[in-house]
Structures are given as C-alpha cells and as structure tokens.
Amino acid sequence: MFSRTWHGIVPLKMRAAFEQYEYQTGVKESLAIPGNRGAFLKIVEQEDFAHFFLCTKWDSMASMIAYAGQEPLIAVTYPEDEKYGLISDPIVIIQEVVDDSDPFAAQDDIGGQSKEKSPIQGKNPAITPITYRSGDESLLDDIKELWEALNRHHCDAAVNFKSHYEAFTFAMRKKNLLTKAQNGQLRIEIAVDPKTTQNVGYCISRVECSGDAEMESLYVQDDYRGLGLGETLLAMPLPGWMRWGPIPSPCRWPSATKKPSAFMSALAFIPEKPCWSR
C-alpha cells in the first residue's frame, strides 16, 4: 500500500473557500478512483497563510497513477487553483505504508484545524498533540540538545568524515549559522510536545540576500517519527521564502552520510557535490 501526500498554501482569508474547493477536487476525485483507500486533509494556520496537506492512500501504484498520471510525483493541478492564491509544492511525497489509517490523527488538535475524510477508516485514538514555534537565530540555543542528537546520528551513519562529526560541537555550528544569518535571513521551526514541554524536532532554513534558499538542518526525535512532523517543519518556512522570490529546485542534502532517506528523496532533494580531502 502507498500514500501520496501533497502540500500547498493559500492566503488565510481564502482558507474556508479553498477547503470546500479541495474537497470537491482532490478529495472527491481521489475517492472515486478504484483502489483508493482513503483521503485525509489537514489544515494548519501560520501567520498570513493556511497550509493544506492532503494524504491519499492507494492499494497499488497503478491505482495511484490512475489519479495522478504517469508521473505521480508531480502535483496534480486544477484550472481554478490560481483563483484561491494557491502556492503548490511541485513535488509530492510518496511512501510505502502498512495500513489505511489517518496519518494526521496524532495531530488532529493542532489548532483544532485538521479534517479527514475516508470511506474506510475513522479517526485513530488521539495521542500526544504537537505544537510549533517559529523564530529567527534567537532560538538556536533551544535546539542544542536536538542538534547534538542529530550530530551523533550523522557520526554513526557517516562513511567518510566520521572524525569531522566527532569533533564538531554545537558552539561551532551556532557560530557558522550566525555568520550565515548576516548574509540573509535565518528561520527556525521547533516542534514541541506540550505534555512534556520538550522540543522534539526542528528545522533550520535560510534565504540569502541573493534569493537562494536552503534547508540547513532537520531533525525529529525517534519516538515522534512517522507522525508527519518532518513534513510540517519543512513546509512552515515556505511563506517566508516566497517573499524573497521563487524557491530554487532541486535542493541539496549533505552527502557525507551514506545515503539519503526515502523521505528526502521524495522531496526532490539531491546530494551535494562532495568535497575531497587527503
């Protein structure tokens, strides 16, 4: 079984109208395809925008292609999208999944905004809600423990440059990021478990004065993976990036680790050109 997740944003004032439109287009048309196992919609408000996440589930790639076409990684568009001020991600996320349950059930209480529609499954029992914080480089110290966990992961996974990660400290990374912030805009998104008040994930992105955008760092704690936190953290900076101009594509991930995750590959991230040393 496969899931296909699309993300797009509209101005907040268009949220209600676009929600109805989305149910009449993406949701309704997905559910009408033989082999569809559900269509689930999540909406998250942030500043002046409403983020829409539509996850559809399919019993086979063939049934998914019947809806999305021969290039199912490309977002499906509709004639009236522009009427709502939609900014759509050009690439969707396709993953192999084990069941047809609602992938957003764990986050149904983010502002009370998530909605789902499925002919098969009802809502799963709710688990810990997740809230999000956004800011600039002033939030760097708040992600210190998460960054150190990510650095240990890179060190364990690295084929080359293992010594680099062993010697790399948060103070060094912070200094590097603060220097980059002087040449553009640094943005930090943090996922928080309100029950424990602990930070459980983060994303650091930046836009240079030239307009080039880059995802600097992304991490979610092991116990919170599979809940859609990574997708949400990656999507949240997009409105700010758009104010600087078109987002470049594709993006890069550091190639010091052995291989990219399926998650990063599905988002059209490609390896950076490696640096050789002796």
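Trainee: What makes R133 count as partly exposed?

Mentor: In this predicted model, R133 has a relative accessibility of 31%, and because partly exposed covers the range between under 20% for buried and over 50% for exposed, R133 counts as partly exposed.

Trainee: Why is the contact between R133 and D142 called a salt bridge?

Mentor: The closest N and O atoms of R133 and D142 are 2.8 Å apart, and the cut-off asks for a side-chain nitrogen of Lys or Arg within 4 Å of a carboxyl oxygen of Asp or Glu, so the pair is a salt bridge.

Trainee: Why is the pair of K57 and D99 called a salt bridge?

Mentor: For K57 and D99 the closest N and O atoms are 3.9 Å apart, and because the limit is within 4 Å, the pair is a salt bridge. K57 lies in strand 3 and D99 in the loop between strand 5 and strand 6, so the pair ties together parts that are 42 residues apart in sequence.

Trainee: How do you know whether K57 is buried or exposed?

Mentor: The relative accessible area of K57 is 3%, and since buried means under 20%, K57 is buried, whereas D99, with 34%, is partly exposed.

Trainee: Which parts does the salt bridge between D141 and K174 tie together?

Mentor: The side chains of D141 and K174 meet at 2.9 Å, N to O. D141 lies in the loop between strand 7 and helix 3, and K174 in helix 5, so the pair ties together parts that are 33 residues apart in sequence.

Terms used. Residues are numbered from 1 along each chain as its sequence is written. This is a predicted model: local features need pLDDT of at least 70, side-chain atom pairs count only at pLDDT 80 or more; totals for chains, interfaces and linings use all residues. Side-chain values use heavy atoms; hydrogens and water are left out. Helices (H or I, at least four residues) and strands (E, at least two) are DSSP runs, numbered from the N terminus. Buried means under 20% relative accessible area, exposed over 50%, partly exposed in between (1.4 Å probe, protein chains only).
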